[in-house]
Amino acid sequence: MIRFLIRRILGGIFVVLVVTLAVFVLFGPVLRWHSNISPARLYAGKNPSPEQIERVSALLGLDKPYYVQYGYTLKRLVLGPSQEERDRVCPGSTAAECDQLLGRFGSSFAKQRSVDSLIWDHFPVTLSLTFLAALMWLLISIPIGIISAIRPRSIFDRTSIVFVLIGQSLPVYYFGLLALYFFAYRLGWFPLSGYEPLSNPGQWLYHLLLPAFVLALQFAAIYVRITRSQMLDTLSEDYVRTARAKGAGETRVIIRHAFRNAMLPIVTMFGLDLGLLLGGAILIEVTFGLQGLGWLAVQAAQRLDVPTTAGIVLFSAILIVVANIVVDLVNATLDPRIRLE
Amino acid sequence: MALLTVENLRTTFRTDDGPVGAVDGVSLSVDAGKVLGIVGESGCGKSAMSLSIMGLLPKTATVEGSIRLGERELIGLSGSELRRLRGDDMAMIFQDPMTSLNPVMRIGEQLIEAVRLHQKVSKVEARQRAVAGLAAVGIPSPEDRMRSYPLELSGGMRQRVMIAMALLNRPRLLIADEPTTALDVTTQAQILELMRDLRSEVDAAIVLITHDLGVVAELCDEVAVMYAGRIVERATVDELFAHPQHPYTWGLLASLPGRNLASERLHQIPGTPPSLLRPPAGCRFAPRCPFAMDVCRADPAPALTSTGRGSAAVACHLTQDVRDREGARLSGEEQA
């Protein structure tokens, strides 16, 4: 088990390394070569003189060869900004002021702030949205999926298939706008946009309920389908018949014997979806004016804020890698076949 | 007194192509302490019959006729009444031990559940019974095995666990559906030996379903030979081997390996069992039977009638003389 964990963590670190390299190449040399965009020029403001650009280049360390820049990017990601960079970028300011400007993910071009602080400002919104939505879609989809599997081809099952089709085919921005129009604008049950921090739980829930529900419906559709098919498979297993032959009641057979096996692939999918969503649910966040990571990424991309965009990409990638490792761990706990192989 | 009495059992599956009569008018009975073997090819209705008795068939199946456990009629019982009997008064062992245990539950958890579903005992007490049950089926260090998952045990050990689980609540009826088929030959022998030992201890009526006449000879008191959903011959084991009466039984006996050491090829019955969707008229074995006459291919099918030797009965139009002669030829060969 410990060896399994170490192997997975080493693998994860390798993936993150590859991602940093890809991000660095894409947002550095490729951007410059393909679109002739120089970060120094972007940073230097409107219509800079060549001298200004050169000064900014030196300030940001962009005058050094790419391999030196990449080496430093990696080092900064792990250890934080070096004293040399601190002295270069924010000479004469206090450590706290400099921390606002410099971070592991670099500094934003658009704002005089570190990408780290931007991410940490916006991440709670995405985190809240994701967890509320995840809770909703599990509570909706798993019971529906199980009941559909117990009574295949019943009216309930057919209705749920229609629901799945609608949920999967309605684009989230369209459905989101419809929901906003009816429930927020016409009926006034929910606010039109915005987010309140968790320190005020009532307001927090009030602002998140509608976007989380729209997001949840889309995922619920997929989860109904996978729960139903997994349960159908599991219910025809020999050990389910054994459980019935022991005299176990239907509820016990379904929950303790069948679902306990059927949920293993659902857990896997759930973990990966969480990892993906935590990197920012762009469409929902933009539709509902929630300033989460997805919203921040759109803003940064529009303003050609290269470090922020790259930082969010890297941050999301790390989340997905972590989610993968967590999924493997949870699966190993739930399934002795993985743990004992 | 018969512990299990089945009368005119009909089990029909509803399918997209029409009803399939998997069991078609089967009657049999087993006394406490006795073992009844049910023999036949795959698809002859052996398993459908045992699942009918246990009430484990899917909702697409209808079961008619009469199944009595002691005095109690099982057909028509509600789901929860049947559930209380299953695993308590009647228990079942399945064919494939590799897939019959829940892979994500520890052995102990599955055994304790079996006890506590039917007995109001503490967890500790249930645990003790489970450990004792494992010990009784010859599982070494049962305390440790309680913590194992099924995948940590071999097929033979898993089948022992299944047997232990079936016997935990001292059932009056035990149905074993091909309990050794999925195991390798040496393990088969061990499981058969275990079942022979347990036979005398548990004092339950046992229905042993198999396609292997060798297993029947080892374990059973009586045999019913099934073909295409019907019983074609019924006798004590000794009687069946000494005076086999039905052409299908002759085919089965002739197919036993090791009989004809001189010839290298195994005997096989030509053809395949009929479709139960549209079974042939008359005797269902007639299309494959080397002795078939015109009367065999017309309704009504021959009924099970006594051969005059004890409880033995056969469903065949051949005259007693022909049957005795052909049967004697076959068992004569066996002795030679």
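Colleague: Before we start, what should I know about the numbering and the model?
Modeller: Residues count from 1 along each chain as its sequence is written, while chains are lettered from A and ligands numbered from 1 in the order in which they are written. It's a predicted model, where local features need pLDDT of at least 70 and side-chain atom pairs count only at pLDDT 80 or more, but totals for chains, interfaces and linings use all residues.

Colleague: OK, which domains is chain A divided into?
Modeller: Domain 1 (2-102) and domain 2 (117-339), with bounds from an automatic or database domain assignment. Their centres, taken over C-alpha atoms, are 34 Å apart.

Colleague: And how many residues of each are in contact?
Modeller: In chain A, 16 residues of domain 1 meet 15 of domain 2; contact means C-beta atoms, placed from the backbone, within 7 Å.

Colleague: Which helix gives the most on the domain 1 side?
Modeller: α1(A) does, with 12 residues. Helices here are DSSP runs of H or I, at least four residues, numbered from the N terminus.

Colleague: What classes are those domain 1 residues?
Modeller: The side of domain 1 that touches domain 2 in chain A has 12 nonpolar, three polar and one charged. Nonpolar is Ala, Val, Leu, Ile, Met, Phe, Trp, Tyr, Cys and Pro; charged is Asp, Glu, Lys and Arg; the others, Gly among them, are polar.

Colleague: Switching topic, how many residues go into the contact of chain A and chain B?
Modeller: Chain A puts in 19 and chain B 23. On the chain A side, α11(A) gives the most, six residues.

Colleague: And the classes there, on chain A?
Modeller: Six nonpolar, five polar and eight charged on the side of chain A touching chain B.

Conventions
Contact = placed C-beta atoms within 7 Å. Helix = DSSP H or I, 4+ residues; strand = E, 2+ residues; numbered from the N terminus.
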